[in-house]
Amino acid sequence: MTQIRIDRTPTPKSRPGPEAPLPFGKIFTDHMFLMNFDEDRGWHDPRVVPYAPFSLDPATCVLHYAQAIFDGMKAFRGEDDVVRLFRTDAHAARINRSCAQLCIPQLDEGLLQDSFHALVSTDLDWVPGRHGTALYLRPTVIATEAFLGVRPAKSYLYFVIASPVGAYYPEGLAPVKILATDTHVRAVRGGLGAAKTAGNYANSIFATEEAHKAGFTQVLWLDGVEHKYLEEVGTMNIMLRIDDEIITPPLAGTILAGITRDSVLTLMRDWGLRVSERQISITEVMQAAEDDRLKEMWGTGTAAVISPVGELGFHDRRVKINGGNTGDITQRLYDAVTALHYGRANDPHHWMHPVRTELARAA
Ligand SMILES: *Cc1c(COP(=O)(O)O)cnc(C)c1O
């Protein structure tokens, strides 16, 4: 096993108090995880060090050509005070899939998982305890070679930063309004839609601002070829229920394989629900809404876990879903996944991984 060096900060920051609001992604812990790649040594020098800015040459290629990938996952402090990480193996595997699409050298998935455990255990006191809170981890890989030219870089930095985050829905699930767009696209077949890569997010900003101006929270992306089939909502996977069929777009290379998506599909199949991974057009969805057969709709992702959709807009039409309220399956999924997160439920699929504190102690 590769030894991870731990270099603790001599000057810890003051941590937010137990009642402090924790806005998403604004507060960072005392440490970060770093590891470098170069052609001679491969990936080397995995270490936890004090959180600090990077110094980068202005020609660093990631700043120009966005050869970068990231991921996002959470650690939760259970009611039993045990801190658990969610599906680290699936996140490590996805990091490598994203890297492969960006021509970034593969990382050891065991070491990736160790990096999550090492950082969380070093900053264990930063994992908040109130219900609904978590420590959000942001593993990232950037191309660090200083050169202007479009080809895979010869050097990379892997880093993980951690941010305590508050409950996404402090007052219970709150349905959002989403706007389907057939003028902007997120990804096309043969593109990078299945990778968690910086460029996809840069590309989403314009359409999202337009949706905000029209009074909606998120964009419902349609496919990039026919501008017809549902793809994703904002940076979440989309699911809906028409009568008793639960439908979600298939993983066909243009959408991200969400780990929350996979988890809730597994739960719904465990529960014996009828789940279809199939294409569904915006016309079919609007028609179902008109016929009162569109019973519920929700997004899935690490940040919100489950985000109910209360209103859907497309062109000049707007439809309310379930009277603008959270649907039954939406709520049941949210309750089931969060019960696992906080160690309150049986975990037959072994998704929760108690943080391994010996990684921080060994050093
Ligand atoms: C991260 C992300 C998701 C959700 O994935 P999870 O693993 O569930 O967090 C969905 N779509 C996009 C575009 C994403 O970036």
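**Exercise 1. Find which helix and which strand each supply at least two residues of the shell around the ligand.**

Step 1. Look for the elements by their residue ranges: they are strand 12 (236-242) and helix 5 (259-270). Helices (H or I, at least four residues) and strands (E, at least two) are DSSP runs, numbered from the N terminus.

Step 2. Keep in mind what you are looking at: this is a predicted model, in which local features need pLDDT of at least 70, side-chain atom pairs count only at pLDDT 80 or more, and totals for chains, interfaces and linings use all residues. Residues are numbered from 1 along each chain as its sequence is written, and side-chain values use heavy atoms, with hydrogens and water left out.

Step 3. Now take the whole shell: 14 residues surround the ligand, each with a heavy atom within 4 Å of it. The closest are Lys196, Tyr201, Glu232, Thr260 and Thr302.

**Exercise 2. Work out which polar side-chain atoms lie 2.6 Å from an oxygen atom of the ligand, and how much of the ligand the protein buries.**

Step 1. Search for polar contacts (pairs of N or O atoms within 3.5 Å; within protein, one must be able to donate a hydrogen and the other to accept it, and residues adjacent in sequence count only if both atoms are side-chain atoms).

Step 2. A polar side-chain atom of Thr260 sits 2.6 Å from a ligand oxygen, and one of Thr302 is also at 2.6 Å. For Tyr201 the distance to an oxygen atom of the ligand is 2.2 Å.

Step 3. Turn to the surface: taken alone, the ligand exposes 380 Å², and the protein buries 96% of that. These areas come from the Shrake-Rupley method with a 1.4 Å probe; for residues, only the protein chains shown count as cover.

**Exercise 3. Describe the lining of the largest cavity by class.**

Step 1. Recall that a cavity is a set of points, on a 1 Å grid over the protein atoms alone, where a 1.4 Å probe fits but cannot get out; lining residues have an atom within 4 Å of a point.

Step 2. List some of the lining: Lys74, Phe76, Tyr334 and His341 are among them. Helix 7 gives the largest share, three residues.

Step 3. Sort the lining: eight residues are nonpolar, three polar and one charged. Here Ala, Val, Leu, Ile, Met, Phe, Trp, Tyr, Cys and Pro count as nonpolar, Asp, Glu, Lys and Arg as charged, and the others, Gly among them, as polar.

Definitions and conventions: On a 1 Å grid over the protein atoms alone, a cavity is a set of points where a 1.4 Å probe fits but cannot get out, and a pocket is an open set with protein on both sides within 12 Å along at least five of seven lines; lining residues have an atom within 4 Å of a point.
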